[in-house]
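Keep the sequence and the 3D view at hand while reading.

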Amino acid sequence: MTLRALDRIGMGFFLGLPILWIVLFMLVPYGVLLTYSFWIKSYPLFEPAFQFGNYLTLLNEPQYLSVIGRTLKIAVIVSVTALVLAYPFAYFLVFRLKNVTIRKVLFFGVIAPLWVSYLLRAYLWKTILGTQGVLNSTLMGLGIISEPLDIFLYSQAAMVITLTYIFIPFMVMPIYAALEKIPRNLDEASADLGQSSWTTFWRVTVPLSLPGVVAGFTLTFCLCFGDFVAAFLVGGPDGLMVANVITSQFGAALNWPLGSALAVVMLVVVLAIISLSDRFEQRTKVQF
Amino acid sequence: MAKTTPLKTILTTIFVAAFGMPASAEGELSLLTWEGYADDSFIAAFEAETGCRVSATYVGSGEEIIAKMAAGGGVYDLITPASDITRLIIEAGFVEPVDISRIEQWENIYPQFRELDNIQMDGEYYAMPYTWGAIAFMYRNDAFETPPTSLAALFDPRNEGRIALWDDKSAIYVAARYNGDTNIYTLSDEQIAAAVETLIEQRPLVRRYWSTAGELVDLYVGGEVDISNTWAGYQSALIAAEGIEVTEFIPEENAEGWMDSWMIVDGSADNACTYPFLNMQLSEQGQCGVANVNGYSVANPVAARNCMTEEQFVALHQDDPAYLDALLMWQPLGDRMGAYVNAWNSVKSQ
């Protein structure tokens with residue numbers, strides 16, 4: 001065997017493994033999912049078929065559209081809340097905080113919860129928001145309320161709080177990275193040209209950090225859109241999300257074809273959002 | 001024996017990690033069951049006696065058993081579905097017949113269970129009855145001056161925000177009974193629609209649709225709810241252990257009943273540990289074992305008589321066949337199951 005042939009085998013192995021991985025663990029499962037979505041439910045299980053009945057069910061039965069609508073609503077609220085909290089925080093870290101050590105500590109303070117199990121963190125919110133939880137005891141201790149409030153837990157508000165807390169690192173990281181890349185002399189140039197720091201912020205900093213904002217928003221939104229743990233742990237009677245319905249179709253209803261159709265719809269929504277955000281990012285990109 | 005190359009080892013490791021272990025090796029018994037049904041308190045002795053090693057995977061709902069079987073459940077030897085899905089599991093071909101001549105105490109099982117149509121097909125048995133109970137209702141003693149006796153308490157605005165209901169198609173059964181439809185397992189589309197209406201009206205009163213045993217316990221212990229349905233005997237004991245007094249009751253509108261049985265996954269009858277395990281579970285060791293852990297009634301009253309105290313025997317209604325006969329035992333819903341589940345989903349998606 002020549003050295004070149006060996007080289008080629010090595011290269012093939014190097015490139016082949018990831019391709020095999022993608023085909024085996026991404027493309028094939030997606031294909032299976034798509035195939036199932038055309039099958040038909042038939043007692044006791046389901047049968048192969050090619051028909052659009054499952055998709056028609058999703059359109060015709062109001063429960064599916066209303067659940068998709070609710071999921072979109074919660075994902076938007078969480079993403080906006082996370083943005084409003086994350087942007088000033090990242091801005092403060094990058095532009096206002098002079099001490100590098102404190103900056104690092106604060107940044108890792110936001111990222112660190114990612115190392116703790118998602119389930120555990122969601123579960124913790126139950127103990128905070130409950131009727132006899134930390135929040136109610138504190139408010140009562142301060143004399144702000146006299147009776148414990150039950151609005152905090154088992155409500156859509158509880159889901160928004162939990163999801164915002166869990167996904168905010170995905171908002172902070174890209175915004176922080178985008179802000180850090182902005183050359184400081186642009187600030188000085190703007191000031192030299194007589195612009196107030198407020199104008200500089202809106203006309204220089206914000207436009208240049210937009211790619212980070214879009215990336216953060218997309219990540220947070222898509223993660224929220226597919227979440228089912230928050231509804232399961234802290235959601236109320238009105239907390240059902242799309243992912244919970246999919247779970248139920250694969251479990252309780254034993255209707256994998258319908259569950260697959262719903263999963264395909266979800267995938268399409270997420271892909272549409274990602275490609276939109278990609279296009280937006282391309283347009284707002286600035287070369288230094 | 002084939003030579004083991006490093007590549008083969010790596011591939012095997014990857015595939016085992018990705019797809020799970022192959023079917024049980026000799027002397028091993030793999031269960032897909034409910035928590036408590038393979039509790040160490042009585043399984044350890046069985047393992048020591050027989051040399052069979054028992055490993056259990058726990059499920060949270062009967063449908064999870066079906067889903068796992070449908071996805072290729074050959075890794076399990078025994079499963080314990082409830083009586084509403086045994087028929088589906090038989091017809092789907094997931095299990096093989098139980099040879100009742102090899103079950104020593106078969107004749108001691110309640111005749112009501114042995115005669116059940118749901119566990120037989122073509123003259124053969126496919127399940128060994130094990131435990132049973134009611135989907136009873138439960139309230140917190142200090143929350144009610146007059147103890148509730150009817151389902152009406154779960155639909156009463158005065159209990160707003162203090163009600164929990166099981167997140168299951170069972171909610172449809174509850175609402176149908178409240179509406180006066182007692183044929184809960186053969187509801188027409190109109191009756192299901194009426195149940196959905198009732199549940200939608202009730203929803204603002206509900207604090208939480210609970211899904212796991214532990215969750216319902218937390219709801220009571222955390223002071224979130226005062227009244228709910230419950231798996232009779234199980235959660236009330238856990239709540240009492242936390243120092244909160246609750247009372248179980250069967251409402252005027254009656255309650256559902258369930259029966260769990262052991263089924264042999266297709267291909268596992270040959271496992272030498274299968275029948276010794278089934279016989280142990282139906283004997284005093286298994287029957288009192290599970291009754292002590294989960295607080296459920298058991299299928300073999302003769303064994304129960306031998307190993308239970310008089311109080312436990314009475315508390316679990318083992319002395320009173322009329323109690324069992326009065327319950328609305330879960331029936332297979334057949335191709336109507338989707339209608340029930342989707343109706344329940346539509347309540348939650350409003």
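## Overall form of chain A

In this predicted model, chain A has a radius of gyration of 24 Å, whereas a compact globule of 288 residues would have one near 19 Å. The C-alpha trace of chain A spans about 80 × 70 × 35 Å along its principal axes. Of the 288 residues of chain A, 35% count as buried.

## Elements of chain A

Chain A contains twelve helices and two strands. Read from the N terminus, the order is α-β-β-α-α-α-α-α-α-α-α-α-α-α. Among contacts in chain A between residues at least 6 apart in sequence, 72% link residues at least 24 apart.

The unreviewed UniProt entry places the feature "transmembrane region" at several stretches of chain A, including residues 12-39 and 105-124. Residues 12-39 of chain A are 89% helix and 0% strand, with end C-alpha atoms 37 Å apart. For residues 105-124 of chain A the figures are 70% helix, 0% strand and 23 Å.

## Contact between chains A and B

The contact takes 23 residues from chain A and 30 residues from chain B. On the chain A side, α3 (62-96) and α11 (242-250) each supply at least two residues. By class, this side of chain A has twelve nonpolar, nine polar and two charged residues.

## Helix α8 of chain B

Which residues of helix α8 (residues 213-221) of chain B are buried? They are B:Leu216, B:Val217, B:Asp218, B:Leu219 and B:Tyr220. The buried residues of α8(B) pack against several elements of chain B, among them β7 (128-140) and α9 (235-241). Just after α8(B), B:Gly223 has a positive phi of about 70°.

Key: Residues numbered from 1 in each chain as written. Chains lettered and ligands numbered in written order. Predicted model: local features only at pLDDT ≥ 70, side-chain atom pairs only at ≥ 80, totals over all residues. Buried ≥ 20, exposed ≤ 12 C-beta atoms within 10 Å, placed from the backbone. Helix = DSSP H or I, 4+ residues; strand = E, 2+ residues; numbered from the N terminus. Contact = placed C-beta atoms within 7 Å. Nonpolar A, V, L, I, M, F, W, Y, C, P; charged D, E, K, R; others polar. UniProt positions renumbered as here; feature names shortened; annotations may be inferred. Rg over C-alpha atoms; globule rule 2.2 N^0.38 Å.
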